[in-house]
Amino acid sequence: MKRILTVLALMLLPSASLATEVKQAPWAPEAAAYRLTLFLGNLSPVPWQKIRDNWENPSNRDTVDVPALSRLNAVQQAALRTALATENRQAMFEAATTAIHQRILGHLAAAAKNMETVEAESDVAQARALFRAFEDGIKAADPDAFRDLDLAWLKMKSALGFRRALGTKALDPDAELFAEARATLETYLTANYAPADFADRSRLSSIPETAMATGKTVDLPATLPPGSKIANQSELPRLVLQFEEAGEDETNLPLVAYGDMLFDSSEIFGGPARELGIACSTCHNRSDVNRDFFIPGLSHRAGGMDVDGAFFNPLFNDRTDDHLDTPSLRGLRFTAPYGRDGREPSLRRFTRNVIVTEFAGKEPSPFQLDALVAYMRQFDFLPNPKIDRKGKLTKLASDAAKRGEALFNTPFEGLNGRACSTCHIPDRNFRDGKTYDLGSSEPPFPGGTAIAFETPTLRNINFSAPYMHDGSLPTLASVVDWFNDSKSLGLDDVQRADLTAYLKAVGDGEQPYQEFAGKDSEFRLAFEELTTFASTLNTLLPARDAKHIAILVDTVAPDLAADADSMSNPSAHPLVHQMSNTLRSVGDAVATGDWAQAETQWQEFQALQKQYDEKIF
Ligand code: HEC
Ligand code: HEC
């Protein structure tokens with residue numbers, strides 16, 4: 001009895017560190033491959049080749065460099081190979097699921113055999129890492145069981161005893177406790193991940209088999225496969241807004257401020273995008289591009305994805321795997337029509353389409369569309385002193401760039417007598433608003449017509465690599481090579497270098513990334529942005545606009561609380577949390593129709609903001 005108490009007391013320590021360790025540790029390769037298999041297996045059409053690659057080639061993202069398949073035994077490999085070769089989704093699910101199950105049990109058996117050794121700890125850790133493949137399904141379908149299993153993992157770890165620094169043992173292993181915990185895990189896992197018969201799954205998931213058998217619906221939150229990256233890149237693009245140049249303040253432009261807020265809000269989307277917290281700004285980071293954005297299976301390369309695939313909105317799935325590179329939105333009001341293929345002259349309709357068809361959002365209100373469009377029409381190009389108003393190089397440009405300018409204006413036979421500048425017209429922001437089939441893409445299906453793409457602007461392109469609609473060319477030099485080779489331009493090395501120097505001069509921009517100086521300046525930027533969003537209450541409250549207040553509060557209050565925790569000055573956290581709570585109270589009051597109370601809370605928020613503005617920083 002005394003022994004058990006000691007163990008339970010000691011468990012408190014490792015439990016805290018275990019929780020964070022498991023979250024941050026790289027995925028076990030098989031568990032990562034399993035998760036990607038579930039994700040890809042739910043796409044339509046199922047990308048079989050990607051699933052095979054996923055098991056057979058070492059992944060370079062987030063996991064160790066080992067093909068996941070090689071970690072399975074011969075029988076497991078054969079079952080999975082057959083399922084993949086015959087493209088049998090259910091068989092694939094069963095083979096992969098039982099393989100993970102057996103691997104977990106194998107590690108537990110090994111640990112039981114070698115309890116005295118350090119390997120036992122490593123086996124338990126590996127089993128726990130593999131268990132992560134099933135974790136979210138158990139948590140969602142069977143939270144009580146999840147708690148029991150979590151405890152069993154802890155018991156097992158502590159049953160192995162604790163070692164002092166040099167490997168001398170503080171406590172002997174407790175075989176009985178280990179066996180008990182192991183039995184709990186094995187019984188549950190076998191019943192749920194290696195049943196005699198699997199039910200047919202219309203959706204592949206880690207939901208335990210016993211929960212499937214009851215037929216009750218399980219609310220399983222959307223997840224992205226390991227290796228996904230949707231957080232903003234560390235280098236934040238600098239945002240240049242038209243009104244700021246004119247000396248105007250965003251708080252005086254409530255429509256723009258509200259659009260700015262919506263651009264950062266996942267509340268306008270539905271389905272997985274909303275659950276995952278994806279917003280316009282996730283991809284179009286501060287009018288430019290999140291160049292790190294990547295979702296395995298949906299993105300061919302970082303900085304874009306197949307936006308009309310099955311994952312975000314199955315209803316508008318075009319069933320082709322067509323990765324598109326996310327375009328920069330700088331200078332958007334000059335670059336109609338919209339879409340890489342230039343299909344849509346109206347920014348408003350394009351935006352509505354993104355919300356409803358691409359990301360399964362509800363029909364946006366006219367006010368929402370007005371606000372988003374008003375905001376995006378503010379996006380300016382970064383100033384570039386190397387070109388003048390007509391797009392001609394100034395004397396700040398290099399000699400090489402000037403020689404390149406002449407080439408850019410020279411007609412070539414391989415371009416049907418056109419010059420580069422015929423399409424990229426210098427005094428029209430290096431574009432012409434037209435679409436061409438340059439042979440830069442394959443037809444979407446054999447025998448189909450290739451898609452024509454719109455001439456993109458060349459302004460500020462130094463910061464939006466990779467290039468072309470699919471991001472297939474990594475550098476400006478490679479674009480020049482591509483034109484030279486595919487259009488037989490016959491440029492020599494020096495000419496190609498000159499043309500590239502010209503593109504770099506035209507594509508430049510002043511201070512492309514946000515510069516942060518001083519303590520908490522990142523927090524300060526976020527704080528200013530969020531309080532500006534909140535300032536739209538000055539118009540929304542008098543207008544009694546409950547619907548748009550709700551979106552505002554649901555977006556800004558959690559962000560304010562989250563950003564507070566990024567401040568370096570912890571004593572200021574409670575103040576920002578108080579502002580977040582006060583904003584919530586505005587929302588709560590509006591929801592019950594108590595407008596007087598809402599006004600009072602809004603006054604309170606503004607008073608707090610004023611009071612703390614100096615204190616916080
Ligand atoms: C998952 C990444 C992603 C998200 C989220 C996203 N976009 Fe895009 N956006 C893209 C890609 C990729 C394209 C190119 C699509 C195409 O050509 O059809 C694009 C194109 C655009 C364009 C056309 C630009 C041009 O010059 O042709 C606009 C405007 C735009 N998005 C606005 C938005 C708005 C507004 C939102 C939020 C409501 C949003 N996007 C959300 C990736 C994204
Ligand atoms: C017939 C019109 C036309 C001509 C002539 C033309 N381009 Fe383009 N350019 C385009 C189109 C259309 C695209 C987009 C292709 C795609 O997305 O696949 C493009 C893409 C580019 C890009 C990539 C921009 C980005 O952001 O992805 C660069 C750089 C470029 N062109 C430079 C040139 C140079 C240099 C020349 C002369 C050698 C040239 N272009 C000639 C129409 C033209």
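Q: Which oxygen atom lies 2.6 Å from a backbone N or O atom of arginine 340?
A: An oxygen of ligand 1. That is a polar contact, a pair of N or O atoms within 3.5 Å; within protein, one must be able to donate a hydrogen and the other to accept it, and residues adjacent in sequence count only if both atoms are side-chain atoms. This is a predicted model: local features need pLDDT of at least 70, side-chain atom pairs count only at pLDDT 80 or more, and totals for chains, interfaces and linings use all residues. Side-chain values use heavy atoms, without hydrogens and water, residues are numbered from 1 along each chain as its sequence is written, and chains are lettered from A and ligands numbered from 1 in the order written.

Q: What does glycine 339 do with ligand 1?
A: A polar backbone atom of glycine 339 is 2.8 Å from an oxygen atom of the ligand.

Q: Which elements give two or more residues to the shell?
A: α13 and α14 (347–358). α14 has the largest share, five residues. Helices are DSSP runs (H or I, at least four residues), strands likewise (E, at least two), numbered from the N terminus.

Q: How many residues surround ligand 1?
A: 26, the closest being Cys280, Cys283, His284, Gly339 and Arg340. The cut-off is a heavy atom within 4 Å.

Q: And the iron, what holds it on the protein side?
A: His284 (NE2) is the single protein donor, 2.0 Å away. Donors are N, O and S atoms within 2.8 Å of the metal (3.2 Å for Na, K and Ca); water is not among the atoms, so sites may look incomplete.

Q: Where does histidine 284 sit?
A: In the loop between α13 (280–283) and β1 (304–305).

Q: Switching to threonine 357. Buried or exposed?
A: Buried, because its relative accessibility is 13%. Buried means under 20% relative accessible area, exposed over 50%, partly exposed in between (1.4 Å probe, protein chains only).

Q: What does the side chain of threonine 357 reach?
A: The backbone oxygen of asparagine 353, at 2.6 Å. Threonine 357 lies in helix α14. Leaving out residues up to four places away in sequence, threonine 357 also touches Asn313, Phe316 and Arg352. Contact means heavy atoms within 4.5 Å.

Q: How many residues are in the largest nonpolar core?
A: 127, with Trp55, Leu80 and Ile104 among those with the most contacts inside. Helix α5 (residues 89–113) gives the most, 10 residues. A nonpolar core is a set of buried Ala, Val, Leu, Ile, Met, Phe, Trp, Tyr and Cys residues joined through side-chain atoms within 4.5 Å.
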